[in-house]
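Student: I'd like to go through the side-chain contacts here. Can you take me through them?

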Amino acid sequence: MEDSDEELISGGGTKEERENLLGSNKDKEEEEDEDFFLHGPKIKFSGQLAGIRSQVDEVTGVMKENVAKVIERGSQLTELGARSESLSEMSAEFRRQSTRVQRQAWWKVTRNQIILGIVAVIIIIVLIILLH
């Protein structure tokens, strides 16, 4: 016995269909309540409503995939932010070390120039003393 979609919507139909829609077994009612909130109602559709239900299921699946992708993208952005922060800290440390090394090299060159200048002055003094 096949009822039309209009009969299902308007409340017509068999007792079995009403029981499927309203739920007649009170022992299973608690289990079904939890299942209802997790997975939605379990309704048997026929004809055009079944096609609509399959489209809704398809859209729901696409939406779930999109939400999963957004969550994944969010976690990737969080990871990228952490990497960026780490790279920023490493670059700041590199800058400090390079400045320190540059200063050390400058002092080394300056020290060598001072030593060379002192040696040059000593040689000039020795030459002046020897030539007089």
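Tutor: Start with one term: buried means under 20% relative accessible area, exposed means over 50%, and partly exposed is in between (1.4 Å probe, protein chains only). This is a predicted model, where local features need pLDDT of at least 70, side-chain atom pairs count only at pLDDT 80 or more, and totals for chains, interfaces and linings use all residues. Residues are numbered from 1 along each chain as its sequence is written, and side-chain values use heavy atoms, with hydrogens and water left out.

Student: OK. Is D57 buried, exposed or partly exposed?

Tutor: Partly exposed, because its relative accessible area is 40%.

Student: Which residue does D57 form a salt bridge with?

Tutor: R53. The closest N and O atoms are 3.6 Å apart. A salt bridge here is a side-chain nitrogen of Lys or Arg within 4 Å of a carboxyl oxygen of Asp or Glu. R53 is partly exposed too, at 30% relative accessibility.

Student: Why are D57 and R53 separated by about one helical turn?

Tutor: They are four residues apart in helix α4 (residues 48-131), so about one helical turn lies between them. Helices are DSSP runs (H or I, at least four residues), numbered from the N terminus.

Student: How many salt bridges does the structure hold?

Tutor: Three. Another one joins R83 to E79, with the closest N and O atoms 2.8 Å apart. R83 and E79 are also separated by about one helical turn, because they sit four residues apart in helix α4.

Student: And how accessible are R83 and E79?

Tutor: R83 counts as exposed at 56% relative accessibility. E79 is partly exposed, at 43%.

Student: What about E93, which side chain does it meet in a salt bridge?

Tutor: The side chain of R96, at 2.7 Å, N to O. Both residues lie in helix α4, three residues apart, which is about one turn of the helix. E93 is partly exposed, with a relative accessible area of 34%.

Student: Switching to aromatics. How many aromatic pairs does a search of the whole structure find?

Tutor: One. The rings of W106 and W107 have centres 4.8 Å apart and planes at 75 degrees, so this pair is edge-to-face. Rings of Phe, Tyr and Trp (its six-membered ring) pair if their centres lie within 6.5 Å; planes under 30 degrees apart count as stacked, over 60 as edge-to-face, and the rest as tilted.

Student: Are W106 and W107 buried or exposed?

Tutor: W106 counts as exposed, at 52% relative accessibility. W107 counts as exposed as well, at 55%.

Key
Helix = DSSP H or I, 4+ residues; strand = E, 2+ residues; numbered from the N terminus.
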